[in-house]
Amino acid sequence: MSTAAVEIAPLAEAGELVPVLLTVEEAARCLRIGRTTCFALIRTGELESLTIGGLRRVPADAPAAYLARRRTEQRAA
């Protein structure tokens, strides 16, 4: 059984700085979930975020941390 390779588009183009903060939409794309689901994870505190002015931003390492916690929880169950 073979699996198809999934190409993930980089968040930064060549020569650009890697983002420190993601928009909610970018974080949702990283997690392959919808925007509404991403906001629900933020609302419950499962996905770290912060507000800058009136803008909601997700630290770039937060999606990976969320996935790591979920994997640990599922292994423990």
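The structure is a predicted model, in which local features need pLDDT of at least 70, side-chain atom pairs count only at pLDDT 80 or more, and totals for chains, interfaces and linings use all residues. Residues are numbered from 1 along each chain as its sequence is written, and side-chain values use heavy atoms, leaving out hydrogens and water.

**Helix α1**

- Helix α1 spans residues 24-31, and Val24, Ala27, Ala28 and Leu31 in it are buried (under 20% relative accessible area; exposed is over 50%, partly exposed in between, with a 1.4 Å probe and protein chains only).
- Seen down the axis of α1, these buried residues fall within an arc of 100°, so they line one face of the helix; the arc is taken from the directions from the helix axis to the C-beta atoms.
- They pack against β1 (21-23), α2 (35-44), β3 (55-59) and α3 (62-76), with contact meaning heavy atoms within 4.5 Å.
- Helices (H or I, at least four residues) and strands (E, at least two) are DSSP runs, numbered from the N terminus.
- Arg32 follows α1 and has a positive phi, near 60°.

**Cysteines**

- A disulfide is a pair of cysteine sulfur atoms within 2.5 Å, and the count comes to zero.
- The sulfur of Cys30 lies 9.1 Å from the closest cysteine sulfur, that of Cys38, which is too far for a bond.
- Cys30 is partly exposed, at 40% relative accessible area, whereas Cys38 is buried at 0% relative accessibility.

**Strand β1**

- Leu21 sits in strand β1 and counts as partly exposed, at 30% relative accessibility.
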